Each structure stands twice: as structure tokens, then as C-alpha cells.
Amino acid sequence: MTELYELTIHELQDKLRAGETTSAEITASVFKRIDAVEKEVHAYITLMRESAIEEAARADEAILRGEMKALTGIPIALKDIFCTRGVRTTCGSRILHNFIPPYDGTVVEKLRAAGAVFTGKTNMDEFAMGSSTETSFFGVTRNPWDLTRIPGGSSGGSAAAVAADECIASFGSDTGGSIRQPAALCGVVGLKPTYGRVSRYGLIAFASSLDQIGPFTKDVEDCAILMNVVAGYDSRESTSVPENVPDYRSFLGRGIEGWRVGIPKEYFIDGIDPEVEAAIREAISVIERAGGSCSEVSLPHTDYCVAVYYVVAPAEASSNLARYDGVKYGYRSGDNRDLLDMYKKTRSAGFGEEVKRRIMIGTYALSSGYYDAYYRKASQVRALIKRDFEQAFADCDCILTPTSPTPAFKVGEKTNDPMQMYLSDIFTISANLAGIPGMSVPCGYTKSGLPIGVQFLAGHFQEGRLIQIASAYERQAKIEKRRPGL
Amino acid sequence: MEYEPVIGLEVHAQLLTDAKIFCGCSTKFGAPPNSHTCPVCLGMPGVLPVLNKKVVEFMMKMALATNCTINGECNFARKNYFYPDLPKGYQISQYASPPAEHGWIEVEINGAKKRIGITRIHMEEDAGKLLHDEHNPVSHVDLNRTGVPLIEIVSEPDIRGAEEAAAYLRRLHEILVYLEICDGNMEEGSFRCDANVSLRPRGTETFGTRTELKNMNSFRNVQRALEYEIKRQTYVLDAGDAVVQETRLWDDTSGVTHSMRSKEEAHDYRYFPDPDLVPIVIDDAWIAAVLDTLPELPLEKRERFVREYQIPAYDAGVLTSTPASASFYEETVASFPTINPMVAKAASNWITGDLMKMLNEDKKDFTASPIRPPAVAELIRHIDAGIISGKMAKEVIEEMYRTGAAPGAIIKEKGLVQITDEDALTKTIAEVIEKNPTQLAQYRAGKEKVFGFFVGQVMKATQGKANPQVINDLLKKMLAEAE
């Protein structure tokens, strides 16, 4: 028998509408699943069981009144980077281990207003800095497909929770691939929208010019449903863009006949896993069978993406994380001699190694005498990377790449080699630097049964186009539906 | 050696917008600690700034009033440093691209006019305040002030002395108050000044090593601190030593500056464009719209007062020192059916003299004056008509200030009407002369000083109510005739 927790949002909505089930049942089913597998997966930092049960009851009352909204009664998990009023929000860090926000961010507000049931706050790399969810102060999240492996990161908890059916869908944030890479590694759909498309208000900042919120879902249709809820202008964010929001569901089921799909030659590099490459080559032929025509495009500054990213992101982070000083909230060291001593002890003990590494890199890059060589130069190259995409999109409707160069790696495999870890995001970083939307869709499995993802990229505010090609691909590819053997 | 001081000033002016610069919280001074705060100005994780457009407009007003060029595009930058009154660990300010540059204002130094250049004006947010517990080793943070908008006005190093610096500050202060964008209250910190000062041998061009002075909370203290620092640097240089580049704090009580931090200890603020804010675009239409709202500025008003009312430049300067005093004066003068220089000067005398003194004593400005302009005009009319003397009027204006009553009523109630009746006065004078034969003899022997004694006696006899002009005339005549 199919369990409720296995279903998608749209499948559950059909059942709710038909009166075949209730949100209380769905929520109970999800928590039953959490109770069964969470000990192994550790997708969550904080579970919101009691409030979820209350929200589900309210959802059922609303459904009885005939007031079903976009997400009424659907259990959704939130990365622990979203500020939630009254619910501890740690960002995976000791320094915020006891922080309870006094406000809801915009996305949380919108999800609440749409009737969602929040299951809890998911694990993540500390301050979203990482590609494996191993830098969390709250322990490692395991890949549901192979518990000896990482789920990807930084939104690894949100990806693993969807893959392990510990929620119906979830939200994460993506600064350099933190939605798309774990989506690929966990075999779920993940979308990073255009910078400015979804409000960042209430998202704890890592790198402000790169951060973007997006959904993890079991299929493309659910992705469209969630985007309809969270996309749109927000007057509380200056970088939010007052661009019309289309009905993303309207892009589902449409064909891609005649679409020109660009394959960037720079993305097929040495070091890409052969099984991943084979799966991507197969995805290209699927797109062709669906009526798209694939041809090579060039993104000449691809080689600089990782370098630019590791100047810009740490620089912004070094400033964004300055507020964690032990004065106002969060962790404060004891036994301080004076103010400076408190700052030093609080930040030394409150932040983990990776966060401190990036604060130091960023502080250095912004320092007087180095600013021009690092931050300014990186900003200039970033403009070139953005232009690469503008030129590429003049010749194609969409770009197809691997999401990650490898499938999920072993826990601990790269923790002592930051450079190797940073290369996990080699195919995803460019979309953040250019501000364009990117989406990862499952495209098969390795022989050992690890999921592989294909990434689609489109121009600014072309999320509809991504949903259209992803949905066409999903239909055409007919990837075998498997569930992790938990 | 003779040295020439080179001074540049940085002024921070708090803007009088209702809301803070990046959130909707109130900017009102004096509320209970942390009551004017929200997640945004508290620097909570996840919050984002949204610019209050009014702040840009206020900045533009000051830029236009100080002859600056307004740039079409500018952006905000983060100034990074740790301090408990700075909740985000950075201040949102402007750095590489200021919104306004290359301005100037004119000041008057010993009767000569001089232009002082304005390097730039930019917008930024204020920090909070630390409250130190006197009895316990703890400090509290009040973040009400965090995010209150400021403009920083940076002068060129054009200022050549402490007095000149004070004159520049007064002018800047006056313009800000006139524009109604800053209340100018130095004690509450709405108008703050830091000074950069260096010396160079007179006649040379190269700048010497400068020190930065902080913590001067009045015009007088700025002047005193600069005077002290100029002396100190002179002493250092004359002793053959080098001035150390450092920040020094002015100590008001001891009247000296102390080293606060050296150049080596100076912060590296690691400025970079704030990625949470978008560039501010200011087009010509916006500039024109703001220009339309500019009031008459103090200098223009001063010149007009001299021209229109024919009062001395000094009077015009005092009257136009605040918009409130200027309009009080204009309303007073307008209360006369016809304006002539006599009336205009009399009005100026009463307003800049007795009334201003009483208001200053009560720390009130002209908008809060218990005497309104038509009453001042009425007082002057009573003097002109000879009903009361100028001396009596002083008593009357004090009573007007105290009670708010009309001058006519006060004169009547106090029986202050001047005695101009010659017959009555002749009788009084005759009595005074008769009672003082010794003084009369002295007067007749040519000791004219004794005349004043007789005037005083007559005044005494009439309880000060006699018209002084009439006494003078009658007394002269009668003393000459007396035996």
C-alpha cells in the first residue's frame, strides 16, 4: 500500500479535495515516517510536531469550510536558515544555537498564508557554507540513498527530507548550488530562481548578492505549485524585482518542439564522473527526442567561476556574519575579560572551522591594499560571466549541464580538502554569479544506485521556461521511480 | 617659526525625517531605551534595509543649498567595524560614490568674505548608544538611535584658524536649520563635528601631519579644541619633534586633547558596496522638484533684510540666525501700516535685544515666544507716540513676556503713562532747584555735570514717569533763569 508520505503535493491535493484523506492523516503519516527514519538520516535540526498537528487541524477545518488554498494541509520542511517567529533558527551554527526569531520571513509568511503545515527546520552546512551538510554544529545529515554518503549541501537536510519522505516538499537556499547540488545527489527536483524573484527577507544572509530561496520537490509539477506561492516582489527587499509572476503551472505539459538547447562545452571537463557524463549525454538525447535541438555553446569565462565565487561570497559573508558578536542574541562566551575578549572568545567558539576560514578569506579580500586585486577584480570578472550567459541565451532558449560532477561522495571524504569540496559546485556557481535561474532534475542512477541530476539554466525570470523543459524532460525520460531503501 | 593651521571639518547632521533611514521606526529623541526598534534596525539575522526616500531628498536640499554637484548615481557601502552600539557589525554609509560633491559656502571672517569648499555630502545611518552603569561593571545598549539618518558634510582643508572653523560651523548649522532638515541640537547630538588639523610653515604649500579631533559638542568647544591643538602642534614642531598622525579626544573640563588611537591602531573599515541595496539614481527632474522646495537661505535673507528694511548688516545677521527669528521680525514690521527705517530699526532693537535675551534665558525659540509680533509693533507705537519712554517700555516688555498681556493694558494697569504736562513738570523742577542750592551754585559756576543730578532728582520725584525730553528742555531753561 502506498503511504501518504510517499505522495506529491498535487496527488495529496487531489485526495484532500476528494475528501479521501485529511491533513491530520497526512501530517501523522509524515511524522510516522520521521520517527522511522530520522535517526538514520538526521535531516532535521528542530521538529515542529505539535504546531504541525495544530496547523493540520486548522487546515482540515478550512477544507471543510471549502477554503482550500494553494498549500492547505501540505507538510513542508524549512531549511534552518529561514527565520520563523517563535521557532529556534540556528543556521546550523553554535552561535545561533538558542536564537528564536521575533519575526517570520516573507517566504515563511507566504507559505503560512497559503495554508502549509511546517514539519520542522532542516539541517544544513553552518551558515550555508559547504556542499555536504557536514559543517553543521548539529551533526551530519546522511544521504537516504546510501547512509555512508553525504546528501550534498548546503541544503542537505531539505533535500534528504524530501528524498526520505520526511516531508512532502521543502525549501532551501542556494548561494552557489546549495539547492541544485543536494537535489541532484538526493534524486529530487530543486530550483534556484532568478536573483530577485523570491524575497530574501528573513533568509539569514550568507552572500547577499548570490543568495536565493527555492523549493525541493518530488516532481516538476510540485515545483511549479510552490513557485506560484513564493515568487513575487517584496517591498521589504531592495533587490526584489517587480516583475510579473506567471502561473508556473501553465508551463507544465507543454512541449519543447523547436527549442534550441545549449550544451556548454566548458562543462564537460576532466574529473567529471563517467557515469554522470553518460547520464547527461543520455539526457541530451532525451531532450532531442522531445523535439529540442541541442548544440554546443560557449561560456568562455567558466574557468574563473569558482575563483570569483570564493572571493565574492566570503567577502560578503565576512560582513554579513559580523553581527554575531555575542552582544544581542545567540551564543556568548563566558568568563570574558573585556569587550574584545568577549568578541574573540564568542566568535572563536561560536563559529565552526569552515565559517571561520571563509570569514578570514573574505576579510582579507576586502582589506585595504587588497580590495582592488581581489574584490574589485572578482566583481569585474563576474560581469563577464554574466555577459557570457547573455550571449549564450541570444542563441539558445535554455542551457543543459550536469548539476554536480560526481554523485554523492562518502561522509568525511572531502572534509579535509576544502578545494575538492569547493569543486562540487563547479557547475552550479555560475548561475548565482549571473543571477539566472537554474533547476536540477533527476536523470538516472549510477550502477550502485546513487541518483544523478541534470541542470537546466535559463535567462533572467525564465523560471517558466525551466519548468517547461523540466516537465517535458520528465515525461520523455520516464526515469524509473525508485525509493531509497531505508 | 610662524605656522599656518590647515583645518578640515566633518559634520554629522541628524536628519529630521519621521522614520529611520532603512526601516519604519520613529526617529524621535528621548523615548525609553530600545522602544523605537524593529528587527531591521536591531540587525536581526535575515533582515534587509529599504531606503527611506525622504533621506535622499533632505540630502539633496543640503547639497543644493551648499552649491554641490549632485551625481546621477550613487550607492551605499558597508563600513565594517565591531562595536556593541552597531548591531550589524557594519554601518551602512557611502564611500566611493558620494551623492553630492564639489560645493562651497561663504563665511565672513573679520568683515571679509571667504569661500570654504565642501568636498562631499553623503548619507549614512547613525549608531546606537551605550549606557554605562555607574555602580556595576556593566554597560547597556540603547538602539533607538540606530538607523536614524545622518548626512556627513566634509569640508575641504580650506579653514585657516579656530575662529574660521567656528564661523564655518555656524553657517552650516544655520543652513541645516533653515532647510528644516536638522534641528541642530548639539547637546542631543543632532549636529556633531570632527576636525582634522595640521600646521605648516606660513607661506608653504605642503600639508603637515594632521591629527583628528573628536568629542567637541559645542561651537565654543570646537574653537577651544582647535586653539589648544594648534598650540600643541606648534609646541611639538618648535621642539623639533614630529606631529604624530592620530585621533585625539577633546576633554572639555581640562581643556586639552588626549591621544585616543594612533594611525597604526586605526580601523581598516573594509568598505564595499552594500549588496542589499541598489544604486540610487537621481535624475534632473528630481533635482528640479527638490530645488522648488528650497526656502530662502540665510545669506539671501540677510541681504534682503539690509536692502528692504535698511537695517545694519549686523542686525540682519542676528535676526536671520534662525528662520523663526527672521519671520518673527518680518511679521512685526508688517504690523505697521507703513514701514520706514525708524520703525524697522526699532523692531530690530526690541527683538534682538530684550526679547531675544528673555527667550535665550528660557531656552525658547521665537516660535514659542509668549509675545507675538503684533504686540511688539504695538509697544513701539506707544513709544513713538510719546505715551511711554524707552525705559518704561523695557518694564512693559518684561511684563508682556511674563503675562502675555497687551502693552496698552500693562501701561494702563501700572500707571506708566509718561508725564509730558509742562505745567506740572515746571512745578516739580522748581521744587527740586529750590531744595538743592549747593548744586545750583556748582552748575552756575560751570560744572555742567551737575545737570545730570537735577535730571535724576526730577525723575525720582516723578517716579520715572517724566518725559526725559521735556525735562531736559525745561530744566535747561529754568536752571539758567534761577537765582
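This is a predicted model: local features need pLDDT of at least 70, side-chain atom pairs count only at pLDDT 80 or more; totals for chains, interfaces and linings use all residues.
Let's start with chain A and its strand β4. β4(A) covers residues 169–174. Is this strand mostly covered or mostly open? Mostly covered: six of its six residues are buried. Now look at where they point. A169(A), F171(A) and S173(A) go one way. S170(A), G172(A) and D174(A) go the other way. Both sets are buried. Here is the background for that pattern. In a regular strand, side chains alternate between the two faces of the sheet.

Next, the partners of β4(A). Strands of a sheet pair through backbone hydrogen bonds, and they can run parallel or antiparallel. With β2(A), the pairing is parallel, and three bridges join the two strands. Find A77(A) on your screen; S170(A) in β4(A) stands opposite. With β6(A), residues 212–217, the pairing is antiparallel, over five bridges. There, D174(A) faces Q212(A) in β6(A).

Stay in chain A for another pair. β7(A) spans residues 260–264, and β8(A) spans 293–297. How do these two strands run? They run parallel, and five bridges connect them. One bridge links R260(A) with S293(A) in β8(A). Now bring in helix α8(A), residues 274–289. β7(A), α8(A) and β8(A) together make a β-α-β unit, and the unit is right-handed.

Now some loops of chain A. First, a reminder. Most residues other than glycine have a negative phi, and most peptide bonds are trans.

Start with H42(A). This residue is not a glycine, yet its phi is positive, about 55°. H42(A) sits in the loop between α2 (23–41) and β1 (44–47) of chain A. Why do we call H42(A) buried? Because 22 other C-beta atoms lie within 10 Å, and the cut-off for buried is 20 or more.

Then D335(A). Again phi is positive, near 60°, and again the residue is not glycine. D335(A) belongs to the loop between α9 (305–320) and α10 (339–350) of chain A. Is D335(A) buried or exposed? Exposed, because it has 7 C-beta neighbours inside 10 Å, and 12 or fewer counts as exposed.

From G153(A) to S154(A), the bond is cis, with omega near 10°. S154(A) lies in the loop between β3 (117–122) and α5 (156–163) of chain A.

One more loop residue: M68(A). Look between α3 (49–64) and β2 (75–79) of chain A. M68(A) is partly exposed, since 16 other C-beta atoms lie within 10 Å. Which residues does M68(A) touch, beyond its neighbours within four places in sequence? L16(A), R17(A), A62(A) and I63(A). Also compare M68(A) with G115(A). They are 47 residues apart along the chain, and their C-alpha atoms are separated by 7.9 Å.

Over to chain B. Its domain assignment gives domain 1 (3–289), domain 2 (298–414) and domain 3 (422–481). The centres of domain 2 and domain 3 of chain B, taken over C-alpha atoms, are 33 Å apart.

Find the open sheet of chain B. It has three strands, in the order β5-β4-β15, with antiparallel pairing. β5 (90–93) and β15 (272–273) of chain B are at the edges; each has a single partner strand, so one side of each has no neighbour in the sheet. β4(B), residues 77–80, pairs with β15(B) over two bridges. Look for A77(B) opposite P273(B) in β15(B).

Now helix α7(B), residues 323–334. Does the length agree or disagree with what we expect for a helix? The 12 residues, at 1.5 Å a residue, should span 16 Å, and the end C-alpha atoms are 16 Å apart, so it agrees. The buried residues of α7(B) include F328(B), Y329(B) and V333(B). What do the buried residues pack against? Five helices of chain B: α2 (162–178), α5 (298–309), α6 (313–319), α8 (341–361) and α9 (373–384).

Last, where the chains meet. 26 residues of chain B are in contact with 36 residues of chain A. On the chain B side, 17 are nonpolar, four polar and five charged.

Key
Residues are numbered from 1 along each chain as its sequence is written. Chains are lettered from A and ligands numbered from 1 in the order in which they are written. Two strands pair if DSSP finds at least two bridges between them. Helices (H or I, at least four residues) and strands (E, at least two) are DSSP runs, numbered from the N terminus. Two residues are in contact if their C-beta atoms, placed from the backbone, lie within 7 Å. Ala, Val, Leu, Ile, Met, Phe, Trp, Tyr, Cys and Pro count as nonpolar, Asp, Glu, Lys and Arg as charged, and the others, Gly among them, as polar. Domain bounds come from an automatic or database domain assignment. The expected span of a helix is 1.5 Å times one less than its number of residues. A crossover is right-handed if, with the strands pointing away from the viewer, the path from the first strand over the helix to the second runs clockwise.
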